[in-house]
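This report goes through a few features of one protein model. Look at the sequence and the structure first, then read on.

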Amino acid sequence: MSLWTSFWALFGGAIVGLLAATLVFDPVQFWLGLDAAAPRPVSVWQPFPPVGYPAHVADLVTFAAAVLFCALAARRISHTPESELSLPAAAAAVAAVVLIAQETRSWWCLTAVVPAAVALRYAARPPRPRATWRRRATVATAAIAVYAAVTGLAFADLQRHPLATSGDGTCGVQRARSGRVTDVCLEVVNMARSRTARVLGVAPATGPSPFRLAVGEQSIRPQGERDLEVAYRTSCAGVPAGTYTLREIPLRVRAGGDESTAAIATPVAFRKTCG
């Protein structure tokens, strides 16, 4: 298989596969309420915001399904009477490019398609007989049932850990006349369908930190959004020397009878050097 064929199979398969994945996963995202949460840049799929185990499983299954769509499209594009790409190899190449995109958060990650295509050209094989429509329908039905069960558990997890960073709003920071930051505004959304999320305060830091944060108790209605004002100050007393960075503020949240910690992104990164 030529490099040109493997390149366009990989590039075109990624485009076609992602379009197909969007048609499938966007309704799921809307049903789960994830469209209200702030998306990550250069993200192939919408990550599940909560930290619960079911949500992580659904996130990984969604990622695997999107990669499979792309790999199937790449194999189809590469098909000729003499050869076609191996499905496992195409899936591995797509997954590698996607993971690079997730880690780099830059569109320069697309350059990884070239070395992936070079390696992929050696994974060509003679075409195999296609599965019957009955077998394809059986596999598709089983896959849909498994994905429905996984996302159902994730939906239940969202009701227990509903608070996430909102994709809307114009939050920022408030400063005193001296220029010192006094308050940080957080944009949050309650993704639960019927549970009110009550913010109890800022969770204790897991290690030494110069950041001193506080927020009063507030309630957020189901599917509602709110800007939370968090009191902000810094102190190096008792903190080892070094530079500390604050990108997220952990909030203690109660939804129904469940308590959890939600890491909400700050509008800007704060840094403090001690020592």
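## A buried aspartate and its partner

Asp157 is buried, since its relative accessible area is 2% and the cut-off for buried is under 20%. The model is a predicted one. Asp157 takes part in a salt bridge with Arg160, and the closest N and O atoms of the two are 3.6 Å apart.

Where do Asp157 and Arg160 lie? Both are in helix H5, which covers residues 133–160, and they are three residues apart, about one turn of the helix.

## A link across the chain

Arg160 also meets the side chain of Asp258 in a salt bridge, at 3.8 Å from N to O. This pair links distant parts of the chain: Arg160 is in helix H5, Asp258 is in strand S11 (residues 258–274), and 98 residues separate them. Asp258 is partly exposed, with a relative accessible area of 21%.

Which residues are linked in a network of salt bridges? The network consists of Asp157, Arg160, Arg195 and Asp258. In the model as a whole, the count of salt bridges comes to six.

## A salt bridge between a strand and a loop

Another salt bridge joins the side chains of Arg198 and Glu217, with an N to O distance of 3.1 Å. Arg198 belongs to strand S6 (residues 197–202), while Glu217 sits in the loop between strand S7 (211–214) and strand S8 (218–220), so the pair ties together parts that are 19 residues apart in sequence.

## A residue with positive phi

Gln223 is not a glycine, yet it has a positive phi of about 60°. Gln223 is located in the loop between S8 and strand S9 (225–234). With a relative accessible area of 37%, Gln223 is partly exposed.

The reasoning uses a cut-off: plane angles over 60 degrees count as edge-to-face. Phe7 is partly exposed at 22% relative accessibility, and Trp8 is partly exposed at 38%.

Phe7 also pairs with Phe11. Their ring centres are 5.9 Å apart and their planes are at 5°, so the pair is stacked; the cut-off for stacked is under 30 degrees. Phe7 and Phe11 both lie in helix H1, four residues apart, about one turn of the helix. Phe11 is partly exposed, with a relative accessible area of 31%. Through these ring pairs, Phe7, Trp8 and Phe11 form a cluster.

## The largest pocket

The largest pocket has a volume of about 1100 Å³. It is lined by 26 residues, and those closest to its centre are Leu68, Phe69, Leu72, Arg136 and Val139. The elements that contribute two or more residues to this lining are helix H1 (3–32), helix H2 (53–78) and H5.

Which element gives the largest share of the lining of the largest pocket? That share comes from H5, which supplies ten residues. By type, the lining holds 21 nonpolar residues, no polar ones and five charged ones.

Arg136, one of the residues closest to the centre of the largest pocket, has another contact to note. The charged end of Arg136 sits over the ring of Trp133, 4.9 Å from the centre of that ring.

Conventions
Residues numbered from 1 in each chain as written. Predicted model: local features only at pLDDT ≥ 70, side-chain atom pairs only at ≥ 80, totals over all residues. Heavy atoms only, no water. Salt bridge = Lys/Arg side-chain N within 4 Å of Asp/Glu carboxyl O. Buried < 20%, exposed > 50% of the residue type's maximum accessible area, 1.4 Å probe, protein only. 1 Å grid on protein atoms, 1.4 Å probe; cavity = no way out; pocket = protein on both sides within 12 Å on 5 of 7 lines; lining within 4 Å. Points joined across faces, edges and corners; volume = space filled by probe spheres on them. Nonpolar A, V, L, I, M, F, W, Y, C, P; charged D, E, K, R; others polar. Phe/Tyr/Trp six-rings, centres within 6.5 Å; stacked < 30°, edge-to-face > 60°. Lys NZ or Arg CZ within 6 Å of the ring centre and 35° of its normal.
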